[in-house]
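This report describes the fold of a single chain, from its overall dimensions to the packing of its elements. Please keep the displayed structure in view while reading.

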Amino acid sequence: MTSVDLKPKTDYKFDKPKEYAVVFYNDEYSEMHFVTHLLQQYFGHDFHTANRLMLQVHQEGSAVAGVFSYDVAEHKALRCMEDAKKAGQPLIVMPEALE
């Protein structure tokens with residue numbers, strides 16, 4: 001009979017999952033209060049933080065709403081884009097890989 005080693009292997013190496021920023025882009029048409037609302041609803045920002053990020057989008061062209069795993073970032077960006085489309089807003093929200 002052959003001997004079998006039943007001890008679990010404990011030296012597995014896992015890479016940290018890549019992180020993605022959810023970025024809002026300025027389009028000159030989306031309403032400021034709508035952008036603030038999305039930042040509060042989908043990213044949990046309080047009014048003052050959401051307003052500051054909205055102003056950053058408006059003045060600088062973009063802002064990071066949050067950093068997540070790819071699946072979460074993609075889902076949040078998609079939900080924002082769906083809400084924007086329903087509201088007739090041309091808002092662009094995209095997940096972007098962080099280095």
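The model is a predicted one. Along the principal axes, the C-alpha atoms of the chain fill a box of roughly 75 × 25 × 20 Å.

**Elements and sheet**

Three helices and three strands make up the secondary structure of the chain. Read from the N terminus on, their order is β-α-α-β-α-β.

The three strands form an open sheet with the order β2-β1-β3, and the pairing is antiparallel. Strands β2 (62-68) and β3 (92-97) each have a single partner strand and stand at the edges, so one side of each has no neighbour in the sheet. From one strand to the next, the twist averages 25°. Six bridges join β1 (residues 20-25) to β2 in the antiparallel sense. Within β2, V67 is the residue that stands opposite A21.

**Helices on the sheet**

Helix α2 lies across β1 and β2, and its direction is at about 135° to β2. Helix α3 (residues 70-86) lies across β1, β2 and β3, and runs at about 170° to β3.

**Helix against helix**

Two packed helices are described by the angle between their axes and the distance between the axes. The table gives these values for two pairs.

| Helix pair | Angle between axes | Distance between axes |
|---|---|---|
| α1 and α2 | roughly 130° | within 8 Å |
| α1 and α3 | about 145° | 11 Å |

Helix α1 comprises residues 32-43, and helix α2 comprises residues 47-60. The crossing in which α1 passes α2 is right-handed. On the α1 side, this contact is made by M32, V35, T36, L39 and Q40, while α2 contributes F47, A50, N51, L53, M54 and H58. Sorted by class, the contact of α1 with α2 has seven nonpolar residues, four polar residues and no charged residues.

Which residues make the contact between α1 and α3? Helix α1 passes α3 in a right-handed crossing. From α1 come F34, L38, Q41, Y42 and F43, and from α3 come K76, R79, C80, D83 and A84. The contact of α1 with α3 has six nonpolar residues, one polar residue and three charged residues.

Technical notes:
Residues are numbered from 1 along each chain as its sequence is written. This is a predicted model: local features need pLDDT of at least 70, side-chain atom pairs count only at pLDDT 80 or more; totals for chains, interfaces and linings use all residues. Side-chain values use heavy atoms; hydrogens and water are left out. Axes are lines fitted to C-alpha atoms, for helices over the stretch in contact, and angles run from 0 to 180 degrees between N-to-C directions. Helices (H or I, at least four residues) and strands (E, at least two) are DSSP runs, numbered from the N terminus. A crossing is left-handed if the near helix is turned anticlockwise from the far one by less than a right angle, and right-handed if clockwise. Contact means heavy atoms within 4.5 Å. Ala, Val, Leu, Ile, Met, Phe, Trp, Tyr, Cys and Pro count as nonpolar, Asp, Glu, Lys and Arg as charged, and the others, Gly among them, as polar. Two strands pair if DSSP finds at least two bridges between them.
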